[in-house]
Every structure is written in C-alpha cells, then in structure tokens.
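Dear colleague,

I am handing over the structure below, and after it I set out what was found. Please read the notes alongside the coordinates.

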Amino acid sequence: MSASRLRIVGGTVYDPANGTDGQVRDVCIQDGRIVADVPHGTPTLDARGMVVMPGGVDIHSHLASSACNHGRRLLPEEHAADPAAAPELDPDVAPARSGTGGTLPSTFTTGYRYAGLGYTTVFDAAVAPITARHTHEEFDDTPIVDGGFFVLLGNDEYLLRQVEAGDRNRARDYAAWMIGATGAYAIKIVNAGGIQAWKSGQRNLTEIDEPLGSSRVTPRAILETLTDAANELRLPHPVHVHCNNLGAAGNVKTTMETMEALAGRRVHYTHLQFHCYGRNADGGWTSAADRVIDFVNSDRTVSVDVGQVMFGPATTLSADAPAEYLLQASSGRKWVNIDVELETGCGIVPYRYRERAAMSALQWAVGLELFLLSEDPWRVVLSTDHPNGGSFMSYPALIQLLMDRGARDAMLKRVNPRLLAGSVLADGLSREYTLNEIAIVTRAGPARVLGLRHKGHLGVGADADVTVYTRDSDIARMFATPRYVVKGGVLVVEEGRLRRAPAGRRLRLDPGYDAAVLRDVRRHFDAYATVEFENFPVRDLRDAPLEIG
Amino acid sequence: MTLDLTLHTAPSVPLEAEVITPTRLAGLSPADAARLTVVHGNQSAELGEFFRVESTAGGDLHLSGDLARIKMVGAGMTEGRIVVHGAAGMHLGVGMSGGEILVEGDAADWVGAEMTGGRIVIRGNAGHMVGAPYRGSRVGMRGGEILIFGNAGSEVGSGMRRGLIAVAGDSGDFTGVNMLAGTIAVLGRLGWRPGAGMRRGTIVSMHPAELLPTFSFACTFRPVILRLYLPYLRGLGLPITEAQVQGSYQRWCGDAIELNRGEILLLDPGESSATA
Amino acid sequence: MTEAARVAHVTCLGCGCACDDIVLTVRDGRIVDAERACPLGVAWFGDGRVPGAVQVDGRQAESRVALDAAAELLRGARGRLFVFLGDDLTCAAQRAALGIADRLGAVADGVVSETAADGILAAQRRGRAGATLGEVRNRADLVLYWAVDPDARYPRYRERYAGHPSALHLHHHARTVISVSVGADAGPPAADLHFELRPEREIAVLAELRARLLGRTLGDAAGWGAELTRLAERITRARYVAIVADGESASEERSSDRTEALIALAQALNGPARAALSTLRGGGNRSGAEAVMTWQTGFPFAVDFSRGYPRYQPEVRGAALFERRPFAAVLVAGAPASLPQAMRPAFDGVPTVVVGPRASEAPFPSRVAIDTGVAGIHDAGVALRMDDVPLPLRAAVSGPPSAAGVLERLAALLAGGAR
C-alpha cells in the first residue's frame, strides 16, 4: 500500500506536542504530511484498540560514520553471529538488501531495524568534518530513516586558535561555514580540548579550567565560545556537549562545573549517565545522579539525553580517545585509536555490561535515576548512546524499565549491589512512566530539543511519520514489534512486517556567516591540511538544507 | 539403527553440509535424510543429490567417498559419533560440544574451531587453524580434545582457552599463538614461534625448538602433569614412549609481552637422545 | 584545435596517497599535462582517453541490449557466482556492484584480498593505532620507516605527509627519521639512523622492542645488541612516533602475525608517548572498496552471499577461490586490468560480464563488455585515501557513461527480475 492518502482509524493517540494524551481519533495523511482530513474512500488502517504515536526520533546515535565503519571492521565475529537476510518487501518495490547485525549493524540492516522499532529519524552524534563525505555515503545506504549528524568542533585546531585569540566572531563564522560545508545539523563538542591534549601527549583535560598545554585555551573557553556561536547562529539545536572527564570516578565535579559555567544558555548535554559519578572514600565510583538531575530540573534552558547502559554487549566508540585509552587499559580488549588531523580523535573498544559487574550495575542505576528523578520529560530524553551503552535494539527493554516498576525491581535484585549502597534507586523509586511520557522522551521531546518542527508530533503539516503499537502487558514486546509504521506517508511496516524501504531524507543546515573568515581558513588549510581547501566542502548533496529560524 | 552416507556425485564447488550431524539425522528414514538441505554454490540442494543414503545397524554415522569438498560436517554436534572413511573438508566439527568424529584420512583447515566439548580424531594430517577462533574473535577452542596422528598446519590451538590438542607429527608455525589456557602436545617438531602472545597454557614438544626472545628459561624438571597426560594419550593410540613420560623437560615461560604465565615444555635433549 | 582547459584540485588515484592538488590541462578531450603528479600519477591519468565500446559476444551492441544480455546471463547462472570489485571505481559504483552480488547470492571480493588481507586480519584481532596522514605530517617528531621506502611505490608520501613542511606542532622540534631495512625490503636511504634486520629476526625484534618499551624482562634468547638498544632508546625519547609500513608489500614473508606485531608495538607506544602506525596502501579506490563492503555487509573483503546474507570467508579468497572449480558466471566491476594476475586463468571459459574502464579490452573473452569512465578522470564521486579520508573525485575529461550509472541500471534490471 503506497497510496498518497491514508487514514489511520480509531487508534488511541499519544501526541504530547499537541496535547493529545490517549484520545481516540483518526490520523489523516496526504502527500507525506499529516492533514486535517482526507476524502471519503481513502485507504484506511484499522488501529482500533491500538496505540498511535509519532515516529521515534533518536537524538544521539552512532550509525553512519567513518568511526562506525572502523568499529564494524573490527568486529567480524559479531557480524558472523548475527546474519540478517534481506527482509521480503512488497513485490512492487525494489528488493531489500541483506546485511549483518551485532552492536554495529551494516547500513541497510540499521535502517530496517530502526524502522522496525518505529523510529523514523536518527542523528549520528559524532562526525569528524574531514570524514563528512563518508557519512553522507553511508546515509545513502541507510534506508527509511531521515538522518543527520553533528559535526565535531570542540578540538578543532582552527577553532582552538580563535579561542586562544578570543575571537568569538571568527569562531562563530567558522562554525557556520563548517556546518554548511559538511552538511551537518548541529555542533558537537566532545571532551572540549581533551582530545587535543591526548594527541599532544598531555593525556587529557579533566577539569574545565585546565589549560591546554601552555595556551590560554581551556575547556571552559571552548564550551562558552561554541555554545554562544550555536545560539547566535540561531541553530535549531543548541551545542551538543559531551562533557570532559567521561567515565571517571568523581567526574560529577567536572559535569557540575560545566553546567554552572554555561548556566542560562541553551545547551544540550549528551549521555549524561556517563558523567554523573561521585567518588567514595576508597576512590571508588558512586552515583551522583541526584545532584546533576537537580540542576537539570531547575535550569530550563538545559536539555539532556541519558545514555542509559543496558546489560549485554556494547561497543564503546567515541571521539573521546583518551577515555577509550583508559577503557582498553582496564578491559584488555582490542582497541582502535585514530588521530584525525586538525580536528579530533577516535577510539573504539568492544565492551560488555554485566549484571554481575559492580561498575556496570552502577552505570545502569545512574541512568535510571536520571530518568526517574527527571521532572521534565521534554528536556530529559531517551538514548543509550548507541552502541556505547547498548544497542538501539534495546530501547524496548529500556522503555519497559521505565514503565514497569516490577520489571525494574526484579532486575535490581539480580545486579551486583556493591556500588549501589545509598543510591536513590536502591532505596526505591516507585515512579512509572506513562505512555504519554514515553511518547515525550522518545519522540516529542527529542524533536523539540532538536528544533525539528515537522517531527515528533501529529499536528497538521507534520511529516507523516507514525508508529502504531498493539497494546501488550509485556511492554518490551509491545515496543519491539510495532504493528504499523508509516514514514513520510509510506506504510513501511504492515502487520508487524517490513514491507517497504524508501530512501530517507538528509537533515542538514547551511547557516549564513561573514565570508571574510574564509580567507583566513584557507591560509590555515594551505599551511597544515592535507586536503585542498576547495576539496573540503561536500557538494551535490541530495536534499536541500532545512530553513533556519 | 543409523545411516550410511556415500558420496555418489562429487560437488563441483564445496558443499556446506552442517546438517550431517547425528542429531539431525537421528530417526530419519534414508529418503527423508536425502531431502535435507545443503548449500551448493549460491543454490540450495538436497543431500541426496550428492550422497547415497542407506540405513544400517550400529550406532555410528558413516560417511564414505572423497569428502575433501564437503564442509562443516559435524558442525555444532552435541552427541553421537561420525566416522569419515576418507578425507574431510574444511570446518569439520566446528563449534561442537559433544560426541566424537573420527576421520580416517586427512582433514582440511579449521578442524574443531571454537569447539567446546567432544573429541575429534584425525588419522591423517590436519590443515591450518586447528581449534582456532573465528575471525575477529579472541577465544578459540573452549573444551574437548583434538587428536591428530599426522602433521598439523599453522596456528594450531590459536586462542585456545581449555582442552587438549595432541599432534603425533609436526605442527606448523605459530602453534598455540595467543593461547589463553589449555594444553597442546606435539610429539614431532614445532614450527616457528610457538606460543607467540600466549597468556597461560602449556605447549609440549619432544624436540628442541627455537623460541621467541620473550620466552625465558625457568628450569629443567619432571612435570607431574605429563605423567598424567602422556599415558592418557598413549591409551588413545598416540606413540608415546616411556622415556617421554618419565623424561625431564626444559620449562620456558612466556610470552613476556603478555601475561607471561604460559609455559613451553621441551623434552631435555639429553633425555631425547638417550631414547633415540 | 581548441583552447586548453585547466582543471585544478584533481585527486589522483595513482597510489593510496590520493594527492588532491593535481592540475590537469585538457585539450581536445585529452590530458596533455598533469601538474604536480608523480610518475605514478602521470601514468594513472595517461591522456585520459578510454574506449567507449559496448559489446555482446565481441560485437558492438546497443547499451540496453547489452545490459539485458548481462542481466539474463547473471540471473540464469546456476552454481557459484563471483563479483569482482575493482579499485578504479567510485564508492557509488562499488555500492551498486555489491548490491548486485547480494541480489545474485554471489561471492564478492576485491583487490585487497590479494594484497592487504593479512593486515586487515591482524587489525581484526588486535585493533589499530592509527592516524590520518595530516597527523603524521603535523605531529610526528620521529618517523620510523619499517621495511619500506615510500619513494618507489608511494612517491609523494614523504613530501606531502612526512617531509618538512611547516608542521603545526613541530615548531621547535626537529623530525628524526629512522630507516629499518628487513632483508631486501630497504628503508629510505636518507635517514638519521639506519638499522638492518634479517627477515627471520623481524617478528622477534618487534616483540623484543615491545617488551622493552613495556619494561618486561627478556629471556636468554634475546639477541639484544647495542644497535637495538640504541633504537629502543631513540623511540622512547620521541613525543609522537609514526611507524610507516607497507600494507601491500610484495614480499613473500609477510604474515598477519608480522602486521599484528607492528600494531602491538604502535599500541604499546601509546601511554608513555603517542604513536601511530601509518599503513601504506596502493592505488585506485581500494580503501573505498574495503569501506563499502564493510558498511554494507560488516566484512571488509571476501564476502559470500550464497546463503542470502553476507558471510566472511577470508580463508577462501582471491586465487584460492578459483582453485577448486570455475564459477558459473562472473561480473567484473571495474577495469579488467585491476584483476590480480593469479585470478585471470580462472576466467577461461566462464561466462563473464565486464563493466568498467577498458572492459572491451579485457585480456579474457567476455560475453558482455561495457566500457565506462575511470573514477576521478571521467567519473565524479568519492574515493578513500589510504588512511580512509574520503576525497572528492572530479570528472575532468568527458568519457563513456559512468560506471556507477551502468551498474545501477544493471542492478535495477536484476531487481526487476525478482518479481
């Protein structure tokens, strides 16, 4: 069924952006958009008794990048263990592709599996500018989902030079040029200055006022410069911040100082779970989720995604190369490190979160505490930092942990309690997310935080991305197998089976800037880059940039 | 009652026949067994297109003909016994957890890769990667026994974590590379660089060997463990001499760039010449 | 005679260096000059003229007829099929060719399985300690050439990536060059320090070096002379070590264990200081082929789709694939000239479709041959440098239809046949 009109009949609709919380109504679609009504005789989908939500929006994933591909190449054993035959599509469309899964599935399989969970929009959260072309090529092979990415600027040599010189305007213009030249959607900061420190032999920057080498550049200065740049450019999504000192005991200090330094500004903090650890008397890890979430609850300009850890296999994959260095040293697993010229780094270590491991259990608990102590689901949204905290395929199990206290407490009894003493979760948290709140943290919230006005809701004019679930007392099963998924008006999942796999759209921006900056950038390229300035921008992209403002 | 499979048509390209396990064939009539699916090139085929299937008395599954192009026989098997009257193709008994496979001829590469239990006996020679991990994975054989009466190729016991591999002839280069634990006994000569990257485990040889500089000599002694293992292997038909059982062995520790808790035991030359 | 056109910022795929600063002068559809190109680059561009034939059974045919014949041949083949991914294709063309292999349940492989597989397998066991070439250029205060002199097969590597440009982080630090020769594989003659090793000592020395740097005790077998002590000491004084090794060495004695030892050494040097292994890779878009196979299948080469999903078969690759019996049909995507020599005899008598540059001049008979443009000369798109940095390819000269276009049409025909 690929008619340009469709009526989804009689479902119980959860559309929090439009104030619809479980009302029974029809959802009408025409030419890929939600419309108020469609003529009599339009094809229908019977959704009576079912749950209707906007398509899922993943604000922070790693799915289409040069770094992901290094991870795929590292893990043939995972791919051999999870073969994915081509799904059988309707006979009127081009046949689907086969692939492999694991924590870093092949591109086609990634698209099919996201859509199979009812997700229709996904962002890759970390792309080095010089590899942007690679990301666009991979997205071209990732069907169904609309995709975009955040471009890594927090350790960029040219940008750091502007920070050193205190030239905020030039930094902003450079950032704007970078977004347009790479086809990105937002600015990403990973471990501000810390990767540059790692590449220079300084190991890391773990405090926000720690200077980079003998310069005046500090994480604070980088964070302020880029946060203001994103806001002055009126980017739909503010700067996307992965704080310094990831994974370390006591890193809550760095996280709180970062939040205080940027207080009052629009900022998004990502995979916050990895940044909320206290330190006990023995130097060991404790949960400090309550302190951080208090701050988030009170500062309404802040949004976060959680970066929940789920038990099972994961692949840690990050521009935060110094953090990956520490992880490979402690885990002894195979390790990829790649220094990316003038821009950033890349580290990859396969990992497994185990119920029996005290550290894994603590990380699991910290994430849940952030969710359960959050007072505003619109600003505390769902992610596992796929595949770092676990695969996106574990989202249904995560939703179950949020909605079903029984399932959560049963799991809590199984995990290693050694580091959980005195934690809020261990003391008992009774909160259960409602379906409306789930619709917020998986759709409406991320779309709003991303500034995607056509996503995450079912109001007239929105993109016709709709997911229909069959009610089930087993929440994980309900969210793992949607009955119908509509993407851009095309019915892609029908009766729980993938039937169509249209190409997704690219979500990118091309902000305006003062072109005077380019003369200086060209000098920088001519002196230090190995790619010609003229060859750097990605050209001939398929979809036009989105409007800003 | 069980089945005899005789190859009547040699496949033009290797046939993947992991259906040939005692469990899959148990209780099937010859006609039903002949309809089982095998993969030939990019096509599915039926077992009967290549094998004549007959039922016989006795508990073993017998395979006859030149099976060098039949891959994955006994893959994942859990119980029972397969006798191959001839050569066996690649990936014999990979991932098996129980039962026994006897090959009267030679076997190709990847015998018993990632097996966890059971026993594989090769009367002839075996190829490379005996008991190895699949590509990218760290851990090879996790249990069971592989006995090779002829020679074995390179990387015997790569990444091995538990179990026993015995080679009556020579072994190729990198025997026991990246071994995590377990025992490899080679009655002939070890190829180049045995034990490279090993963390724990034991490699035994009855001949002198050139070792990596990251192995250091510890002592010469009479290992108790060999007085248990070697008679056991002799009981299984390997040509172990009494001098080898009672002999002194040089103990080398390594690999120093890894955990350094592995050992290579080399029969002391004085002892070996005395028995020659 | 028309006026000459100059096309600047052209990426050269003559070797894996992928220099993107070439200026081509084109006159009357011919390349008459390739400014800044090394001899390999000059040979790569040639005069830019390629045939534009479309043939069925050796006779000129309409392209639609040829594509129908190709689709019919490939669809009708019973038995194993083989799709070869050439390296003179854009990533887009490689993506389309791999889609055809998937559709047909074929075995797909490329150039790297003959030349670089050992290194890839080693990296799959241990990982990588790598850097893009600009990091070598801007940071490495010690460049250690291990059994390779880049000048022969990667002529501009030293000039562009490891020479003495105005490096960003080396203002006050001179760059030291160490040349290690292993048997006949000599390091560069111009170096601050020279070492020579016998090939049979190579892995042992790498292990010894690593053990030293990790502070481990060595056994009595260590042949640690004054020479190597000097080498180890020099390495430990460096802030950023670049170890340069040939990922596609023609030497016989190159095993994945040797590459693994190099990776392990580079990894061990991280911690006390920084280090990267810069692996030299050959020309064309072979890194692109490896990347495309990885993102579409999860495996970098030697992929078998015969079960309806990708399986990794690195032990049955390249020439070994052909040892047993011929394939039922073969699709060569890319220039037939890029086929490894060892594979060619296997094409005798096998129905073959060739889509790529100079397909009509294949050194074996083909049922269908469709000439296309060459990536980066006639076909625009993307190719990956030896360090996986993606670079744009420009269509500097007009030529036959693009390989991506032809392969996408063939893929669409085969997809239609599945209805």
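Contact here means heavy atoms within 4.5 Å. In this predicted model, 56 residues of chain A are in contact with 66 residues of chain C. Together the two chains, A and C, bury about 5000 Å², with 50% of that on carbon and sulfur atoms, where buried area is the accessible area (1.4 Å probe) lost on putting two parts together, summed over both.

Between chain A and chain C there are 10 salt bridges, each defined as a side-chain nitrogen of Lys or Arg within 4 Å of a carboxyl oxygen of Asp or Glu. One salt bridge joins the side chains of Lys199(A) and Glu135(C), at 3.4 Å from N to O.

Strand S18 of chain A (residues 335-340) pairs in the parallel sense with strand S8 of chain C (residues 127-131) over 5 bridges; pairing requires that DSSP find at least two bridges between the strands, and strands (E, at least two residues) and helices (H or I, at least four) are DSSP runs numbered from the N terminus. Within this pairing, Ile338(A) has Gly130(C) as its bridge partner in S8(C).

Chain B contains 5 helices and 17 strands. Its radius of gyration is 20 Å, close to the 19 Å from the globule rule for 276 residues, so chain B is as compact as a globular protein of that length; the radius is taken over C-alpha atoms, and the rule is 2.2 Å times the number of residues to the power 0.38.

As for conventions, residues are numbered from 1 along each chain as its sequence is written, while chains are lettered from A and ligands numbered from 1 in the order in which they are written. Local features need pLDDT of at least 70 and side-chain atom pairs count only at pLDDT 80 or more, whereas totals for chains, interfaces and linings use all residues, and side-chain values use heavy atoms, with hydrogens and water left out.

Best regards
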